[in-house]
Amino acid sequence: MEPDTLQLVSDYGTLERIRNVEHHEPHSFLGAHPATMHGVSGVVVRALQPGAHGAFCLVEGATVPFHMHALGGGVFAVFLPGQTLPMGYRFRFISPDGAAWEREDPYRFLPTVGDFDLYLLAEGNHRRLWEILGAHERVIDGVSGTSFAVWAPAARRVSVVGDFCNWDARNYPMRVLGASGVWEVFIPGVGVGAVYKYEIKTREGALRLKTDPFARAMELPPAQASCVTRATHQWQDSAWMRRRAEVDLTRQPVNLYEVHLGSWRRLSDQGNRSLSYREIAPQLVEHAKKYGFTHIELMPVAEHAFYASWGYQVTGYYAPTSRYGTPDDFRWFVDYLHQHGVGVIIDWVPAHFPKDDFSLRRFDGTALFEHEDPRQGEHPDWGTLIFNFGRPEVKNFLIANALYWLEEFHVDGLRVDAVASMLYLDYSRRDGAWIPNQHGGRENIHAIEFLKAANSIIREEVPGAVTIAEESTSWYGVTKALQDGGLGFTFKWNMGWMHDTLRYFSKDPVHRKYHQDELTFSMIYEYTERFINSLSHDEVVHGKGALIEKMPGDWWQRQANYRLLLAYQYTRPGKQLNFMGIEVAQHNEWSHDCSVDWHLETQESRQQLQRYLVDIGNLYHATPALWAMDPDPAGFEWIDCSDRENSVLAFVRKNGDDHIVVVLNMTPVPRPDYRIGAPAMGRYLLRFSSDDQRYGGSGFPIPEEYPTESVRWHGREHSLLLSLPPLGALVLVRSEEPERDTMPTPEVGDVTPSPPIAPAASAEPEHLAAVTVRTGEVPPVRGAQ
């Protein structure tokens, strides 16, 4: 019985759309379908294989030829009388040169995305969206292959193309699942390592070749295709993950080391190549342990085509960059650090994405992920596009992405980039170049709700994970709880502290007395947020100069200022972050194409600096007063912040009944007999001095212990008479021995504040002149009362 073409097709309009690869639901035509011909029930099977000269259907041991000339355009059909569904079968195709190959039919499988998944996506609430969309290797009805699913609601047609079909879009057109905008197909025989993209035909008929927004691996740039991958790594960090969920990191030591993986250490004898994930992990662990860094904060590791963007122009949100290895290699990296007690935080970029045409930009021919209006959808400073946070599916894409990195790669937190640009509709825009919100204001309400939702869901789904906001304005409540009207971040970079502090330290010490407010002002708002005192990569690029080059004075003074800056950062409230290179005080700005200047480690001054960083890291960890009460105003107390003339600051850090005293001398003038009020009676011991000769300090003599005296000072009953080294920081701890008797209290008139002492004239370098024994009258007591 030979069916005619009409019986095999039933609808020539459908056939034409299949031939032209424009049908939105090819599964309704291709594959196996019940049919009745000439009163006989059976199954009609239709296949699509452009370029094939002949075809056979292999079913139940029989080889049945297709009616190859009936339909044309690579479409074949055959009627199998008496067959019923479900039915297993395969295809054999013959090429024009006579070669034969076999494959399964991709159009005989049910959808791999369920209705409830589609409902959650449309609602914007699918928390494991990466398990639904993208490419997933799986076995269906005993057939191995890969399912593909992509959201492209405005597309006329979507096809999977790749190295497995010679990039021919006619081979694997996808079906759209109802009104969801999700296109899906299961392709048998495609597995790990396959390279693919989506070819999308827009409403206007234009063709767009796009990488998968949910690709979990991508080709090595400058290649751009997505890759099918499968996670096989066996995690060994259960102890770390269990402890992480139990501790409150706001009351733990947090000492962050910011790293750009591509330039931390390069192999000059191997073409200046970067280290891989597996090569760099043991070295970073050793480095972090040496200096007391608790976490490695990685600049963005998501795939980015433009290396010079440092990762901040993401083209593969779900794919660790292939520059340093596979996704499993990155899992191994995180696992290794966790097993050795080092946390991993990554930079995350939900604020904007680049205009690369192979990526998210006008993904289905419309402004799908971005806004249509450039006043909302384009960032004027960076030449990038801004996510449409008001669209549920876009919001879902980003929140699921955050969870993906935290859950699939066990990272301990996300440092959210460019939060300020998200919060304000007029960010970096001139008048008339932005659109107010529905209330006429400048706040981006959709972005605010997105950030709140992201922080809430992360806290719920991933206990112990932290989020850190790079937010440079005075927006209220960045780290406050959602129920208190905040955004819900764990920490916020203290950008105000950073700018004020670097500006102060760049000034010649002789002028610092006019700028003491730049150091003290940050304490006014210190407890409005939970801050991280960050000295990041942003401060050592684009002509800003290396950190050591910001310091004034001769070489000795620059080093002393450098140590003093770090002592101030480590001892003040808040956690701290430093960028790689801090340990060698390199003179060059950071460059993503070059390694840190590790060759400087051979110099004695750098070895002294590294010894200093080791010791101050040990001090930080061993002193709970420096971190246990960071969120609590009761953990800090000024002794004196008003001695502008001498440029001296003194304060207390506390942890319950325990406390330490920190005194900072911001000039190269040593100050013997400098009096400060004492927090308690007793004996104080020198715990740390940034001027120690082991660190390259001046060697100015400093007593090892200081008994309190019954001299009222700075509003306190007792005081300490100290010797302050030039450009130095002292940390004092109270002895646990019984308190000693104190000397009688003198008359108030016997003790008066003293004027500053100018450096003695000398032909020696200033730092040496500053510690030379001087002649002339030296007031017995210094320090403003």
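Reader: Which residue in S6 is the bridge partner of Leu-58?

Author: Arg-90 is the partner of Leu-58 in S6. Some ground rules come with that. This is a predicted model, where local features need pLDDT of at least 70, side-chain atom pairs count only at pLDDT 80 or more, and totals for chains, interfaces and linings use all residues. Residues are numbered from 1 along each chain as its sequence is written, and side-chain values use heavy atoms, with hydrogens and water left out.

Reader: What do labels such as H and S stand for? And what counts as pairing?

Author: Helices (H or I, at least four residues) and strands (E, at least two) are DSSP runs, numbered from the N terminus. Two strands pair if DSSP finds at least two bridges between them. Here, strand S3 (residues 54-59) is joined to strand S6 (residues 90-94) by five bridges, and the two run antiparallel. S3 is also joined to strand S4 (residues 62-65), by four bridges, again antiparallel. Phe-56 has Pro-65 as its bridge partner in S4.

Reader: How many residues lie between S3 and S4 in their hairpin?

Author: Two residues lie between them. Glu-60 sits in the turn and has a positive phi of about 50°.

Reader: Why is S3 said to be largely enclosed?

Author: Start with burial. Buried means under 20% relative accessible area, exposed means over 50%, and partly exposed is in between (1.4 Å probe, protein chains only). Five of the six residues of S3 are buried, so S3 is largely enclosed by the rest of the structure. Strand S38 (residues 728-734) has five of its seven residues buried, so S38 too is largely enclosed.

Reader: Which strands pair with S38?

Author: Strand S33 (residues 658-665) pairs with S38 in the antiparallel sense over six bridges. There, Asn-665 stands opposite Gly-728. Strand S35 (residues 683-689) is joined to S38 by five bridges, also antiparallel. Leu-686 faces Leu-732 of S38 across that pairing.

Reader: In what order do the eight strands of the barrel run?

Author: The order is S16-S19-S22-S26-S27-S28-S29-S30, with parallel pairing. Neighbouring strands of this sheet are turned by 25° against each other on average, direction ignored. Take one pair. Strand S22 (residues 343-348) and strand S26 (residues 413-416) run parallel, joined by four bridges. Ile-346 stands opposite Leu-414 in S26.

Reader: What is the order of the open sheet of three strands?

Author: S23-S25-S24, with antiparallel pairing. Strand S23 (352-353) and strand S24 (378-379) are its edge strands, each pairing on one side only. Two bridges join S23 to strand S25 (residues 384-386). His-352 has Ile-386 of S25 as its bridge partner.

Reader: Now helices. How do I read a packed pair?

Author: Two packed helices are described by the angle between their axes and the distance between the axes. Axes are lines fitted to C-alpha atoms, for helices over the stretch in contact, and angles run from 0 to 180 degrees between N-to-C directions. Helix H6 (residues 277-291) and helix H7 (residues 327-339) pack at about 15°, with axes 9 Å apart. That makes H6 roughly parallel to H7. The cut-offs: under 35 degrees counts as roughly parallel, over 145 as roughly antiparallel, 65 to 115 as roughly perpendicular, and the rest as oblique.

Reader: At what angle do H16 and H17 pack?

Author: Helix H16 (residues 555-571) and helix H17 (residues 604-622) pack at about 15°, their axes 11 Å apart. That makes H16 roughly parallel to H17. H16 also lies across strand S16 (255-259), strand S29 (531-535) and strand S30 (575-579), running at about 145° to S30.

Reader: How many residues of H12 are buried?

Author: Eight of the eleven residues of helix H12 (residues 495-505) are buried. Trp-497 and Phe-505 are among them. The buried residues of H12 pack against elements including strand S28 (491-493), S29 and H16.

Reader: And where is Ile-445 placed?

Author: Ile-445 belongs to helix H11 (residues 445-461). Ile-445 is partly exposed, with a relative accessible area of 24%. Leaving aside neighbours within four places in sequence, Ile-445 is in contact with Asn-437, Gln-438 and His-439.

Conventions:
Contact = heavy atoms within 4.5 Å.
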